[in-house]
Amino acid sequence: MSEKIALVTGASSGIGRCVAEDLNKAGYVVYGTSRQAPDAAWPSSIHHLHLDLAKPGEAARVVDAVIGKHGKIDLLINNAGLGLEPAAAEESSLAQAKLVFDVNFFGLIEITQAVLPHMRSQAKGRIVNVSSALGFMPMPYMALYCASKHALEGYSEALDHEIRGFGVRAVLVEPSYTRTRFDQNAAQADRKIAAYEATRTRLYQHLKGMLEKADSPELVSAVVLEAALAEQPKMRYTAGKGAGFLKVLRHFVPAGLAEKAIRKDLKLDA
């Protein structure tokens with residue numbers, strides 16, 4: 001029981017892959033989950049479990065498998081997420097909106113609820129929810145993704161207050177743009193509207209440019225490990241200069257000026 005057990009969702013690539021590898025180097029027994037099988041370079045020292053968070057019951061199955069083998073889970077990293085290419089809010093159907101929330105929010109709730117009884121019984125544990133700077137700073141043409149991350153932020157903060165008395169903490173990591181395959185795996189809006197096409201296309205190119213000079217997944221992973229291992233963790237950890245700038249913009253710049261800055265940067269009034 002002295003070994004430490006970590007469960008990392010969305011671990012096949014990007015931030016999740018880096019986190020799984022870093023935790024493994026730190027001495028954790030790591031279980032990484034993903035919807036797809038890992039590639040040939042997947043480290044043999046990290047266990048892989050298939051998990052589709054959009055399917056009810058899958059999260060509980062994975063947690064039961066880890067508990068059945070080790071009797072505990074010390075650390076849960078909720079990293080899995082589903083993104084959409086830039087699109088206007090009305091360009092996604094309700095079904096697509098529900099899918100985004102099924103993965104980014106409801107699936108996260110399900111796996112968190114499956115883990116919490118075990119963490120409470122052992123009187124210790126840490127849950128790190130990988131959110132986004134878009135969880136506190138809304139971005140035009142990213143409405144559904146922003147909404148799912150805003151929901152995650154509120155849920156995490158309330159949850160943390162509820163479970164501290166049991167020796168368990170839930171904390172947030174908020175990266176900005178990160179150089180991963182997230183944009184390549186992002187879905188397109190399923191009911192595109194011609195009126196938005198010009199702006200949508202321009203913002204997609206803007207996003208590609210931002211991703212080319214974005215933070216590395218290794219940088220974000222280091223912040224995730226800081227949040228996971230801190231004896232007295234903070235509620236929120238921003239990851240990278242971009243996220244830090246957006247936090248200052250959100251909290252200290254007057255709303256009207258911040259709105260003008262966003263519209264100017266994205267050329268929404270062009």
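The largest nonpolar core has 33 residues, and L7, Y31, V63, I73, L76, I111 and M119 touch the most other members. A nonpolar core here is a set of buried Ala, Val, Leu, Ile, Met, Phe, Trp, Tyr and Cys residues joined through side-chain atoms within 4.5 Å. Buried means under 20% relative accessible area, exposed over 50%, and partly exposed in between, with a 1.4 Å probe and protein chains only. Strand 1 (5-8), strand 2 (29-34), helix 2 (58-70), helix 3, helix 4 (143-163) and strand 6 each give this core at least two residues. Helix 3 makes the largest contribution, nine residues. A second, separate core counts 26 residues, including Y28, I46, L75 and V171.

The model is predicted: local features need pLDDT of at least 70, side-chain atom pairs count only at pLDDT 80 or more, and totals for chains, interfaces and linings use all residues. Residues are numbered from 1 along each chain as its sequence is written, and side-chain values use heavy atoms, without hydrogens and water.

Helix 3 spans residues 94-122. Helices (H or I, at least four residues) and strands (E, at least two) are DSSP runs numbered from the N terminus. From first C-alpha to last, the 29 residues of helix 3 reach 40 Å, close to the expected 42 Å. That expectation is 1.5 Å times one less than the number of residues. Helix 3 bends by about 50° at D102, the angle between axes fitted to the seven residues ending there and the seven starting there. A123 follows helix 3 with a positive phi, near 60°. Beyond four places in sequence, the contacts of M119 (heavy atoms within 4.5 Å) include I73, L76, I127 and V168.

Seven strands form an open, parallel sheet in the order 3-2-1-4-5-6-7. Two strands pair if DSSP finds at least two bridges between them. Strand 3 (47-50) and strand 7 (236-239) are the edges; each has a single partner strand, so one side of each lacks a neighbour in the sheet. Twist averages 20° from one strand to the next.

| Parallel pair | Bridges |
|---|---|
| Strand 5 (125-130) and strand 6 (168-175) | Six |
| Strand 6 and strand 7 | Four |

G125 has V168 as its bridge partner in strand 6. L172 stands opposite R236 in strand 7. Helix 8 (241-252) packs on the sheet, touching strand 6 and strand 7, and its direction makes about 120° with that of strand 7. Axes are lines fitted to C-alpha atoms, for helices over the stretch in contact; angles run from 0 to 180 degrees between N-to-C directions.
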